[in-house]
Amino acid sequence: MRKDLVRTFSRQFPVPTYVVEFLLGRYCATTDEAEIQEGLDIVQRQLSSRTVRAGEEELFKARARESGSVKIIDLITARLDARSDSYVASLPSLRLIDVRISPELIKEHERMLTGGFYAEIVLAYDASIAQEKGGRPFGVESLRAIQLSKRDVLESLAAGRYQLSTEEWRNLLLRSVGFWSQAV
(Lines give C-alpha, C1' and ligand atoms only; values in the text may rest on other atoms or scores of the structure.)
Protein backbone atom coordinates (compact mmCIF):
# COMPACT_ATOMS: atom_id res chain seq x y z
CA MET A 1 0.00 0.00 0.00
CA ARG A 2 1.44 3.34 -1.01
CA LYS A 3 1.08 5.50 2.09
CA ASP A 4 1.29 8.69 0.02
CA LEU A 5 -2.03 7.69 -1.58
CA VAL A 6 -3.57 7.09 1.84
CA ARG A 7 -2.48 10.55 2.97
CA THR A 8 -4.33 12.03 -0.02
CA PHE A 9 -7.61 11.10 1.71
CA SER A 10 -6.44 11.50 5.31
CA ARG A 11 -9.11 13.10 7.50
CA GLN A 12 -11.26 14.11 4.52
CA PHE A 13 -13.92 11.49 5.18
CA PRO A 14 -15.52 10.11 8.36
CA VAL A 15 -14.04 6.60 8.06
CA PRO A 16 -10.95 4.95 9.59
CA THR A 17 -7.72 4.86 7.58
CA TYR A 18 -8.03 1.12 6.94
CA VAL A 19 -11.27 1.73 5.02
CA VAL A 20 -9.39 4.11 2.71
CA GLU A 21 -6.57 1.54 2.42
CA PHE A 22 -9.10 -1.14 1.48
CA LEU A 23 -10.53 0.98 -1.33
CA LEU A 24 -7.09 1.99 -2.56
CA GLY A 25 -6.06 -1.67 -2.54
CA ARG A 26 -9.07 -2.52 -4.65
CA TYR A 27 -8.77 0.29 -7.21
CA CYS A 28 -5.09 1.30 -7.20
CA ALA A 29 -3.26 -2.04 -7.02
CA THR A 30 -0.97 -1.37 -9.96
CA THR A 31 2.25 0.44 -10.83
CA ASP A 32 0.78 2.10 -13.94
CA GLU A 33 0.34 5.81 -13.09
CA ALA A 34 -2.63 6.27 -15.43
CA GLU A 35 -4.46 3.35 -13.80
CA ILE A 36 -3.57 4.68 -10.34
CA GLN A 37 -5.04 8.07 -11.24
CA GLU A 38 -8.19 6.42 -12.54
CA GLY A 39 -8.40 4.37 -9.33
CA LEU A 40 -7.92 7.51 -7.21
CA ASP A 41 -10.84 9.13 -9.01
CA ILE A 42 -13.03 6.09 -8.24
CA VAL A 43 -12.00 6.10 -4.57
CA GLN A 44 -12.70 9.85 -4.33
CA ARG A 45 -16.16 9.40 -5.88
CA GLN A 46 -17.05 6.47 -3.66
CA LEU A 47 -15.91 8.14 -0.46
CA SER A 48 -17.70 11.36 -1.42
CA SER A 49 -20.98 9.68 -2.27
CA ARG A 50 -21.06 6.85 0.30
CA THR A 51 -19.76 8.33 3.55
CA VAL A 52 -22.13 10.25 5.77
CA ARG A 53 -20.73 13.47 7.20
CA ALA A 54 -22.15 15.04 10.35
CA GLY A 55 -25.43 16.74 9.51
CA GLU A 56 -26.06 14.66 6.36
CA GLU A 57 -27.96 11.82 8.04
CA GLU A 58 -31.39 12.94 6.90
CA LEU A 59 -30.15 13.63 3.38
CA PHE A 60 -29.03 10.00 2.97
CA LYS A 61 -32.28 8.71 4.48
CA ALA A 62 -34.27 10.88 2.07
CA ARG A 63 -32.22 9.59 -0.87
CA ALA A 64 -33.02 6.03 0.19
CA ARG A 65 -36.72 6.91 0.38
CA GLU A 66 -36.80 8.66 -2.99
CA SER A 67 -34.77 6.14 -4.98
CA GLY A 68 -35.57 2.96 -3.04
CA SER A 69 -32.00 2.41 -1.84
CA VAL A 70 -28.71 4.12 -1.14
CA LYS A 71 -25.13 2.82 -0.90
CA ILE A 72 -23.16 3.75 2.19
CA ILE A 73 -19.92 2.84 3.93
CA ASP A 74 -20.54 2.40 7.65
CA LEU A 75 -19.89 0.35 10.76
CA ILE A 76 -22.62 -2.28 10.98
CA THR A 77 -23.64 -4.10 14.14
CA ALA A 78 -26.67 -6.29 14.79
CA ARG A 79 -28.70 -7.75 17.61
CA LEU A 80 -31.60 -10.11 18.06
CA ASP A 81 -34.87 -8.32 18.80
CA ALA A 82 -36.65 -10.92 20.95
CA ARG A 83 -39.98 -9.08 20.79
CA SER A 84 -40.26 -9.50 17.04
CA ASP A 85 -38.02 -12.60 16.82
CA SER A 86 -35.93 -10.89 14.16
CA TYR A 87 -32.50 -9.40 13.76
CA VAL A 88 -32.00 -5.66 13.55
CA ALA A 89 -28.89 -3.81 12.47
CA SER A 90 -27.49 -0.49 13.63
CA LEU A 91 -25.85 2.04 11.32
CA PRO A 92 -24.32 4.77 13.50
CA SER A 93 -23.54 7.27 10.75
CA LEU A 94 -27.27 7.45 9.95
CA ARG A 95 -28.33 7.14 13.60
CA LEU A 96 -30.45 4.10 12.74
CA ILE A 97 -30.77 1.36 15.36
CA ASP A 98 -33.61 -0.76 13.99
CA VAL A 99 -32.73 -1.66 10.41
CA ARG A 100 -34.17 -4.90 9.04
CA ILE A 101 -31.56 -7.51 8.18
CA SER A 102 -31.95 -11.10 7.04
CA PRO A 103 -30.89 -14.05 9.19
CA GLU A 104 -28.85 -15.24 6.20
CA LEU A 105 -26.71 -12.09 6.26
CA ILE A 106 -26.24 -12.47 10.01
CA LYS A 107 -25.17 -16.10 9.59
CA GLU A 108 -22.76 -15.16 6.80
CA HIS A 109 -21.27 -12.26 8.78
CA GLU A 110 -21.52 -13.31 12.45
CA ARG A 111 -19.18 -10.57 13.59
CA MET A 112 -22.10 -8.14 13.36
CA LEU A 113 -23.26 -9.69 16.63
CA THR A 114 -19.91 -9.25 18.39
CA GLY A 115 -18.95 -5.62 17.86
CA GLY A 116 -19.51 -5.17 14.16
CA PHE A 117 -17.31 -4.24 11.22
CA TYR A 118 -17.08 -1.69 8.41
CA ALA A 119 -18.85 -2.60 5.18
CA GLU A 120 -20.19 -1.24 1.93
CA ILE A 121 -23.94 -1.48 2.48
CA VAL A 122 -26.93 -1.19 0.19
CA LEU A 123 -29.63 0.28 2.42
CA ALA A 124 -33.14 -0.13 1.06
CA TYR A 125 -36.30 1.78 1.98
CA ASP A 126 -39.77 0.26 1.74
CA ALA A 127 -42.58 2.84 2.02
CA SER A 128 -45.26 0.18 2.52
CA ILE A 129 -43.50 -1.06 5.66
CA ALA A 130 -43.21 2.54 6.89
CA GLN A 131 -47.02 2.71 6.93
CA GLU A 132 -47.33 -0.28 9.28
CA LYS A 133 -47.53 0.26 13.01
CA GLY A 134 -44.03 -0.33 14.36
CA GLY A 135 -42.77 -0.97 10.82
CA ARG A 136 -39.09 -0.81 10.01
CA PRO A 137 -38.85 0.79 6.56
CA PHE A 138 -35.04 0.64 6.33
CA GLY A 139 -33.43 -2.70 5.50
CA VAL A 140 -29.97 -3.99 4.60
CA GLU A 141 -30.36 -5.27 1.07
CA SER A 142 -26.76 -6.42 0.72
CA LEU A 143 -23.33 -5.77 2.11
CA ARG A 144 -19.69 -6.26 1.23
CA ALA A 145 -17.39 -6.55 4.21
CA ILE A 146 -14.39 -4.24 4.40
CA GLN A 147 -13.12 -5.83 7.60
CA LEU A 148 -13.15 -9.51 8.47
CA SER A 149 -16.75 -10.43 9.16
CA LYS A 150 -16.49 -14.02 10.36
CA ARG A 151 -15.51 -15.25 13.78
CA ASP A 152 -13.54 -18.34 12.64
CA VAL A 153 -10.99 -16.39 10.64
CA LEU A 154 -7.96 -17.77 12.51
CA GLU A 155 -8.93 -21.34 11.69
CA SER A 156 -9.37 -20.38 8.02
CA LEU A 157 -6.03 -18.58 8.01
CA ALA A 158 -4.29 -21.59 9.57
CA ALA A 159 -5.83 -23.94 7.00
CA GLY A 160 -4.75 -21.62 4.18
CA ARG A 161 -1.23 -21.36 5.63
CA TYR A 162 -0.71 -25.12 5.27
CA GLN A 163 -1.40 -24.86 1.55
CA LEU A 164 1.57 -22.50 1.05
CA SER A 165 5.28 -23.19 1.11
CA THR A 166 7.40 -21.28 3.62
CA GLU A 167 8.62 -18.95 0.86
CA GLU A 168 5.07 -18.30 -0.42
CA TRP A 169 3.90 -17.61 3.15
CA ARG A 170 6.79 -15.20 3.76
CA ASN A 171 6.03 -13.36 0.51
CA LEU A 172 2.36 -13.12 1.45
CA LEU A 173 3.23 -11.62 4.84
CA LEU A 174 5.69 -9.15 3.31
CA ARG A 175 3.17 -8.03 0.71
CA SER A 176 0.40 -7.70 3.28
CA VAL A 177 2.45 -5.17 5.28
CA GLY A 178 3.29 -3.12 2.22
CA PHE A 179 6.52 -4.59 0.84
CA TRP A 180 6.20 -5.28 -2.88
CA SER A 181 9.25 -7.47 -3.31
CA GLN A 182 8.79 -10.99 -4.65
CA ALA A 183 11.67 -12.44 -2.69
CA VAL A 184 13.58 -11.70 0.47
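**Exercise 1. Determine which residue of β3 stands opposite V88, and describe the strand pairing around it.**

Solution. Step 1: V88 faces R100 of β3. The model is predicted, with local features requiring pLDDT of at least 70 and side-chain atom pairs counted only at pLDDT 80 or more, whereas totals for chains, interfaces and linings use all residues. Residues are numbered from 1 along each chain as its sequence is written, and side-chain values use heavy atoms, with hydrogens and water left out.

Step 2: Strands β2 (residues 86-91) and β3 (residues 96-100) pair in the antiparallel sense over three bridges. Pairing requires that DSSP finds at least two bridges between two strands; strands (E, at least two residues) and helices (H or I, at least four residues) are DSSP runs, numbered from the N terminus.

Step 3: The two strands form a hairpin with four residues between them, and R95 in the turn has a positive phi of about 60 degrees.

**Exercise 2. State whether A89 is buried or exposed.**

Solution. Step 1: A89 is located in strand β2.

Step 2: Its relative accessible area is 0%, so A89 is buried. The term buried means under 20% relative accessible area, exposed means over 50%, and partly exposed lies in between (1.4 Å probe, protein chains only).

**Exercise 3. Identify the salt-bridge partner of R26 and locate both residues.**

Solution. Step 1: R26 forms a salt bridge with E120, and their closest N and O atoms are 2.9 Å apart. A salt bridge is a side-chain nitrogen of Lys or Arg within 4 Å of a carboxyl oxygen of Asp or Glu.

Step 2: This pair links distant parts of the chain, since R26 belongs to helix α2 and E120 to strand β4 (residues 117-125), 94 residues apart.

Step 3: R26 is partly exposed at 25% relative accessibility, whereas E120 is buried at 9%.

Step 4: R26, R50 and E120 are linked in a network of salt bridges. The whole structure contains six salt bridges.

**Exercise 4. Explain why the salt bridge between D81 and R136 ties together parts that are 55 residues apart in sequence.**

Solution. Step 1: The closest N and O atoms of D81 and R136 are 2.4 Å apart.

Step 2: The pair ties these parts together because D81 lies in strand β1 (residues 69-81) and R136 in the loop between α6 (127-130) and β5 (138-145).

Step 3: D81 is buried at 12% relative accessibility, and R136 is buried at 18%.

**Exercise 5. Describe the salt bridge between K61 and E58.**

Solution. Step 1: The closest N and O atoms of K61 and E58 are 3.1 Å apart.

Step 2: Both residues lie in helix α4 (residues 57-67), three residues apart, about one turn of the helix.

Step 3: K61 is buried at 14% relative accessibility, whereas E58 is exposed at 52%.
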